[in-house]
Amino acid sequence: MKIPKIAIQNYQFTIVIFLLVTLFGVISYFTMPKSEDPYMDYNVTTVLVINPGASPKDMETLVADPLEESFNEIEGIEKITSEISDGIFFSFVEFEYGEDYDKKHQEVLQKINEKRNELPETIIRLEALQPSVLDVCIYQLAFVSEGATPAEVKREAENLKQKIEKVYGVRAVNLNAEQDLELQITLDMQRLAAYNLSIGRIITILQSENMSIPGGSIDLGNKKFNVLTSGLYKSLDDISNTVINAGPEGILRLKDVATVDFNYEKPEVLARLNGKEALWLSVEQKSGINIYNLSDNIDQKIDEFKETLPDNIKIETVLKQADGVKERVNGFFMNFIQGILLVGIIVFIALGGRPSLIIMIAIPVSVFVGIGLIDVSGYGIQQMSIAGLIIALGMLVDSSIAMVENIYRYINLGLKPIDAAIKGASEIGGALVSSTITTILAFAPMLMMGNDVGDFIRSMILIVIYALTISLFVALCLTPFISSKVLKKRKERNKDSLLKRFIDNYYTKWLKSALNKPRLILASGLIIFLGSVSLLPLIGVSFFPKAEKSQLMITVKGLEGSNLNNTEKAVKYVESVVNTYPKVQKVASTIGEGNPQVYYNMLKPNPASKIAQVFVVLESSVLKNMDEIIADLRSEFDNYPGAKIEVKEFVQGPPVDAPVQIRLFSDNLDDLKFVASDVEEIFMDVAGIININNPYSVDKTDLKININREKAGKLGVSIADIDVAVRAVVNGLDVGNFQDKFGEKYDIVIKAPKQDIKDLNWIDKTYVSNFVGAQIKLSQVVDIEFDKNIKRIDHYDLERYVSIIADVDENIQSIDKATKQVVAQLEQYEFPKGTTYMVGGEQESRSDSFGGLGQSLLIALLGIFAVLVLQFKSFKQPLIIFTAIPLSITGAFLTLMVLGYSFSFMAFVGLTSLMGIVINSSIILVDYANQLKREGLNTMQAVIEASRTRFNPIFLTTITTVAGLLPLTVLGGKMWAPMGWAIIGGLIFSTLLTLILVPVLYLLFSNGDKKISVN
């Protein structure tokens, strides 16, 4: 190889180039985006249709079926899942991976527009949105009042919102749980009845009086004058004095039958921080923004704003994601620095000061250039990219170790440093290129994984490839030059090194003994491999681990029909329990909807009066006790009778519907409900399954207004007038807007007093007008009954289905085992005709992801084999080298089983990475044996000498790779431990056996002079 010689001869250019690219990386590090987790595109469009008053079956027929059939015509649709309930259709249109999601979103909008005229005219809301990981709030603030009115609190929150929206990098600022003032006209139902007045008449008069119709203009002489009409209401007195009836008894005004005043609208969402009423302000960031800088700028705005706040309003921070990012990133960099120190110490002890200095230069150069390239590729600093650096850390010095060791060997043989550098580098350069390419080929196919998991790990894979590539160029160009200037012939030692004595006194004897019994050694290796593979069922399989955050999300699901007050009672109970634990910092409760989204894969539940979430933030020091705290909370909440209370931890990885999920399919809703109940019981019988959710477990009970259409027709009452009256009395009806002298606009809402609708007698006090203006009592044309019906209908790819989901307490058993127990019972279950099931949840996502990794592994093996065939121009020798792979699998499985880790997705990533790492030792051993044979040694002599000579660099590269990974593996948490131990265990086991088994196979299958017995 001529590259080292060219680099040494043009060393000035070599130094300048490496300085420039390293500087480029340093600049990138300080300017590139930083976040906690990698950015992922959601390949989904959500469609929401609201049609008040429609039953689930009507919504299915009139809205869901036509829209879903239309969406299904779009190319590149993966699946369509929909929830259909009273007046609401909510659908997820999921696209195939790799599609242009923006284009597909536009196609969904186009289909909606095409179908709009066929949909009911009563629809009040129809929208299609693109969810994004950017919807996660990076900052959640609470405005807490100490005597201020809700209007004053909202006004201050809106002022801060406007200031934060102007900060560069802010995507959106949202207010949640605010209360708006409205102008309420509260009718006296008895007086209204006494005057025989209908609500419809009041509404008609108010709307006609509150209109602004331009009078036009008139020419008088040579001038033009605008004609002004009465216009809109200008004051509350104008509204109160509105004439609503006139007759012999006199004029009747609105104030005679109603109270007109400002009041707060009926709250649909309540919020509390640490027990005090609050209003949430949440901030979202744009993509590609450094969260540190953005957070600092937001802090500055908040600090300035606090100085202007009145004393009775406080701002408190619920969540500041930048703090978590800083803690996570600093933790990873600490692991990285610890790895560097370990590698440096090992190299220094093994090779001495000068060689270790040369070798360690490869680390900062490779790391910073890798960071620069990952920045150019559009990724930032987050846990995946830093973990990629740590994975690569031990391998960054492998090429330089082998290079320096070989150059050092020639210097000690008497060559001049520059000649030794050229000869040593040229001799081993080809093997280093092959070993680096094979390692890269183990990682590269994972870039082609076509799913969201591939997106999640892509930055990690890329930075490993970039760093390894740069480390190869460092080893071929920079290391030889520096070695020629720094290395000197080692002084004669009276005593050999410990490693050399081990090679002479032990390793050589073991090797010769193995070479005398090649078939026995080969059979032993095969038995060990097959035995280790059989351990996989004992090890168990999992997907992604918990996020290990000192935060919890507690979801409260009230009983069917629960109102906001009842849900609030359950939340207060949750707060009282949580506050008994020490080191609780924040308890943020949101009632009526979910807490603002604070984690990228935990979506908010749909708003409902029976839904609430309690976001709990604890001190980081309790992280080691989180499992115990969660178990205690679940045990406590199981006894609460008024709601289902679920304690959830944040979990790493892309979103999954639920750990355990069974989808049931049938056109018959009764069959679905019956089987869903049985499946729920199966879930309850499986140990460890918790938080079971069966949408069909309880029917919905409504108050149904039955209109006697025949009687209404005879009396001349329109159905629309009846519906308007019912809406106004039960929930209030918006009849227009009022603008005060300051320009503030308020909704005008007509409603009945709360006490008048606490029972069903209100239909006797409510009147509707007929066609001739006569007032008809509502009870003459309607009656009320309780109606029990199915509360929702779900669709999966246009079929009716129901999804039974649950969490798993992994302290009891793994998700994989729990799912298998459920499936085993389902296989024995007799389903009604036309009813089928499929397994979803983590098992479905894991199968897709593991299948993608399996394909990547196959492609990697074929690519590596092709490179080896090209290098060695043989089929036998690549197969010899490949024996390191099954040995590495053996080591990985044994290590995971002994340490008690399951075979998770990240362990699979580690195993895939291992394929390229472990064969490097075999490559440099076989390559050197071939060189020795070309120099005249027979096969036996060549393989023994190659094994002895290459033992030192093989041993060192293995130890440095292990040392680089050790801090992340031991201290990095549950996400990285399975991957780290899989690589470490596989590498150590494979290296030890490779140093015996590869020479044996080389002797058995290499052509040329062989000597079976060794003297």
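Me: Is the crossing in which α14 passes α31 left-handed or right-handed?

Reply: α14 passes α31 in a right-handed crossing, a term that applies if the near helix is turned clockwise from the far one by less than a right angle, anticlockwise being left-handed. The model is predicted, so local features need pLDDT of at least 70 and side-chain atom pairs pLDDT 80 or more, whereas totals for chains, interfaces and linings use all residues. Residues are numbered from 1 along each chain as its sequence is written, and side-chain values use heavy atoms, leaving out hydrogens and water.

Me: Why are α14 and α31 called roughly antiparallel?

Reply: The axes of α14 (residues 398-412) and α31 (residues 939-971) cross at roughly 150° and come within 9 Å. An angle over 145 degrees counts as roughly antiparallel, under 35 as roughly parallel, 65 to 115 as roughly perpendicular and the rest as oblique; α14 and α31 are therefore roughly antiparallel. Contact (heavy atoms within 4.5 Å) involves residues including Asp398, Glu405 and Arg409 of α14 and Arg950, Pro953 and Leu956 of α31. By class, this contact of α14 with α31 has 4 nonpolar, 6 polar and 4 charged residues.

Me: What makes α2 oblique to α16?

Reply: The axes of helix α2 (residues 11-31) and α16 cross at roughly 125° and come within 10 Å. That angle makes α2 oblique to α16. α2 passes α16 in a left-handed crossing. Tyr11, Thr14, Ile15 and Phe18 of α2 meet Phe473, Val474, Cys477, Leu478 and Phe481 of α16. The residues of this contact of α2 with α16 divide into 8 nonpolar, 1 polar and no charged.

Me: Which residues touch the most other members of the largest nonpolar core?

Reply: Among the 201 residues of that core, they are Phe143, Ile298, Ile457, Met460, Phe905 and Trp976. Its largest share, 20 residues, comes from helix α16 (residues 452-486). Leaving aside neighbours within four places in sequence, phenylalanine 905 is in contact with residues including Met449, Val453, Ile457 and Phe850. Another core, of 47 residues, lies apart from the largest one and has Val63, Ile84, Ile689 and Ile804 among its members.

Me: Why is glutamine 551 called buried?

Reply: Its relative accessible area is 14%, and buried means under 20%, exposed over 50% and partly exposed in between (1.4 Å probe, protein chains only); glutamine 551 is therefore buried. Glutamine 551 is found in strand β16 (residues 551-558). Beyond neighbours within four places in sequence, glutamine 551 is in contact with Leu319, Phe615, Val616, Val617, Met626 and Phe650.

Me: Why does glycine 773 count as partly exposed?

Reply: Glycine 773 has 43% relative accessibility and therefore counts as partly exposed. Its place is in the loop between β25 (767-769) and β26 (775-777). Glycine 773 and serine 198 are 575 residues apart in sequence and 9.4 Å apart in space, C-alpha to C-alpha.

Conventions: Helices (H or I, at least four residues) and strands (E, at least two) are DSSP runs, numbered from the N terminus. Axes are lines fitted to C-alpha atoms, for helices over the stretch in contact, and angles run from 0 to 180 degrees between N-to-C directions. Ala, Val, Leu, Ile, Met, Phe, Trp, Tyr, Cys and Pro count as nonpolar, Asp, Glu, Lys and Arg as charged, and the others, Gly among them, as polar. A nonpolar core is a set of buried Ala, Val, Leu, Ile, Met, Phe, Trp, Tyr and Cys residues joined through side-chain atoms within 4.5 Å.
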